[in-house]
Amino acid sequence: MANVPSILLIGDTMIQGGAPGVLAGVTSAGASDLQTFGDFEVLKIVPSDASTGAPTATSLGWYPWYDGAYGSTLYSVAAAPAPSATTISVSPSPGWTVNEFAGRYVSIVNGTTIGYSNRRPIVSNTADTLTVASWLFGTPTAGQIFFISTGAWRDYHAAAGWLHSTEIGVTISTRGGSSWQALGNGVGADAGLIHRLLEIHPQAPRFQLAKYAGVATTVGNWGTAGSGIRTAFEAFKLDMDNAWTALATGDTLSWDLVVLDNSQRDVLDWAGTPANALLYKAQLQNWISYLRTTLGNATAKIILVNHDRAINNILSANGSLYANSVHREVAAADANVSLISLEGQRLRGDDPSFGIPSENREFYGASVFWDQYATKVAKTYELMLSGAPTSYDGGYPVYMLIGDSIAVGQVNEAYTTQLNSPTLTGTVRGSEQGIYNRGTGQVEAYNMADNSNTSGTVVATGGPEVSLMHELEQLHPDGFVLIKRASNSSSLAQQLTAYVGTGSQGGIWANTVASQHWDELVADYEGALAYINTTLGKQGDLRGIFVVLGTNDAATAGGGAVFSAALQPFINDLRETFSTRTSGKDLPIIWRKPQLDVVTALPDEILAIRAALEARATADDQLVLVNVDDLERDATDDIHETPESTIIDGQRMVASIKTIAL
């Protein structure tokens, strides 16, 4: 039996994607609102068949999502006694225990369309009659199908409830999703997060995810002993435990992570009573302590969500800024608390399709919840799992240098000895110039003749990093780490020569072919950050990536078009996979523009490659091209830079990154 990593999303209206919650009109095989944002991942049922997104017999053995709305039995509204403004009955009597459903929900299914026509909390019940305070959308009619929520762990789909008309009135849907507390509306971070968690926990028993939205509640509501919201949450927790027991896996839920997104209602209230802001920190810490006790994990990891200052437009002056500063204080005082920030993300008022005035921007655009929000949570969680310190004092600078034989380099120790330079020496440098050594799995002091190319082409020569390392030391005198991976005859997307070994030669870099450079680069990155985060006791913070690719793509007919098509996805992949920051500007990428007239380059192909890079740099403020057309090449092959040019290349790269530094 195993402990199953369990994650809880909890908070106010932000957890359900805003108020009203973002609705995902999704079917497993049809068109969807989500497709507007080009993210097929959140369309898929989880677990699912990889090609169709539909559940499989095998995958349905794992139910990752708690749906509090689930009810295992379908009933029909009786004609006599007739339904009223507050009641419905069943005939013949099912023999319910009096008030056994008080506090639960009754969900009345639409007769011909997907979803619910009514969903209301039950005030009381007799043996055959349910009473609610009032129906939300008119009195039900005789013959309508309904069920009573008891809660269950289920398969996940972003749209809650019935996904196909053939299911309506026939069987309980196998799938849950969205915010079950909000009539099925409210797809928040869960839609994207559940897919990203699969990357972190891909093996059985994987993970479990639950969401509880205490809409219109403040941290004070949650943080006060005996409050109604605490009572409701405790009932929710009991339901989850009972549902887990009913699932009978034999495994234990281990509540590892709680994402707390509570501040929205507090900030709103501060507009009228600013004094409440003074209580926020104590109430938040009380709420965290209570959660850990209730979940049975004294060291449960907590992620707090910082929101955009633009939300102040309708809430309160500097309210979000105050809440965010409190979050930083709490994180600094608690080793198991970390932060994500949604500063700068698109708000709904920025999207005309929502029809919301720009001055009324209370919530984020739908894709922010499904993509950026989920990604930031997953990345932060992964860092916390790796043992990274969660202090908000700033991270340890990390850079990456990747590329072809030009990045491998032509500089040797004899040349640097002739330079008689104290900074460009070919021997071991100071410990502040750290480089990741794949062979030892450690960060070591840079030594051109020993560890310059320990990932990729293992040759005792130096590339642009000979000078790049020194220049970076001027930016980070307290230390930094470079992850270098360079391989002879490699290219971005048009394979010049076959991939050999773990990268000693050939291959492509784009994330389109398995077991070539991309997979190895990910392994290097993970190894370096694991060493930084655990052995060095620091939090790795990727500040930029230097790229030396394109020359070999131009050596093959059609290479320019292939490069152009792969360029933007590759840049996206670099940022998506390796960025460590969860707010602010995009990760800087410095790209050495391949020289125009190298002997191997076909003229049309090199022009197309350079044009693609220039167009991308024009549209991307955080992508800068380094022009090296004036630098001299080696006369023996007319491809690679001379040692002098290689050193200038590294200097130019660092000069460029200064212009867009994080």
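Student: How much accessible surface does the protein chain have, and what percentage of that surface belongs to carbon and sulfur atoms?

Tutor: In this predicted model, the accessible surface of the protein chain comes to about 24,900 Å², and carbon and sulfur atoms contribute 52% of that area.

Student: What percentage of the residues in the protein chain is buried?

Tutor: Of the 662 residues in the protein chain, 56% are buried.

Student: How many helices and strands does the protein chain have, and what share of its contacts joins residues 24 or more positions apart?

Tutor: The secondary structure comes to 15 helices and 21 strands. Among the contacts in the protein chain with a separation of 6 or more, 72% are between residues 24 or more positions apart.

Student: How should I read the packing of two helices, for instance helix 13 and helix 14?

Tutor: In general, two packed helices are described by the angle between their axes together with the distance between the axes. Here, helix 13 (residues 559–578) packs with helix 14 (residues 603–619) at an angle of about 25°, and their axes are 8 Å apart. Since angles under 35 degrees count as roughly parallel, helix 13 is roughly parallel to helix 14, and the crossing of the two is right-handed.

Student: Which residues meet where helix 13 and helix 14 pack?

Tutor: From helix 13 the contact includes Phe563, Leu567 and Ile571, while among the residues they meet in helix 14 are Ala608, Ile609 and Leu613. The residues of this contact of helix 13 with helix 14 divide into 8 nonpolar, 4 polar and 2 charged.

Student: At what angle do helix 5 and helix 6 pack, and how far apart are their axes?

Tutor: Helix 5 (residues 280–295) and helix 6 (residues 319–333) pack at an angle of about 50°, with axes 10 Å apart, which means that helix 5 is oblique to helix 6. Their crossing is right-handed. In helix 5 the residues in contact include Tyr280, Leu284 and Ile288, and those in helix 6 include Tyr322, Val326 and Val330; the residues of the contact of helix 5 with helix 6 divide into 7 nonpolar, 2 polar and 2 charged.

Conventions. Residues are numbered from 1 along each chain as its sequence is written. This is a predicted model: local features need pLDDT of at least 70, side-chain atom pairs count only at pLDDT 80 or more; totals for chains, interfaces and linings use all residues. Side-chain values use heavy atoms; hydrogens and water are left out. Axes are lines fitted to C-alpha atoms, for helices over the stretch in contact, and angles run from 0 to 180 degrees between N-to-C directions. Helices (H or I, at least four residues) and strands (E, at least two) are DSSP runs, numbered from the N terminus. Angles under 35 degrees count as roughly parallel, over 145 as roughly antiparallel, 65 to 115 as roughly perpendicular and the rest as oblique. A crossing is left-handed if the near helix is turned anticlockwise from the far one by less than a right angle, and right-handed if clockwise. Contact means heavy atoms within 4.5 Å. Ala, Val, Leu, Ile, Met, Phe, Trp, Tyr, Cys and Pro count as nonpolar, Asp, Glu, Lys and Arg as charged, and the others, Gly among them, as polar. Buried means under 20% relative accessible area, exposed over 50%, partly exposed in between (1.4 Å probe, protein chains only). Accessible areas come from the Shrake-Rupley method with a 1.4 Å probe; for residues, only the protein chains shown count as cover.
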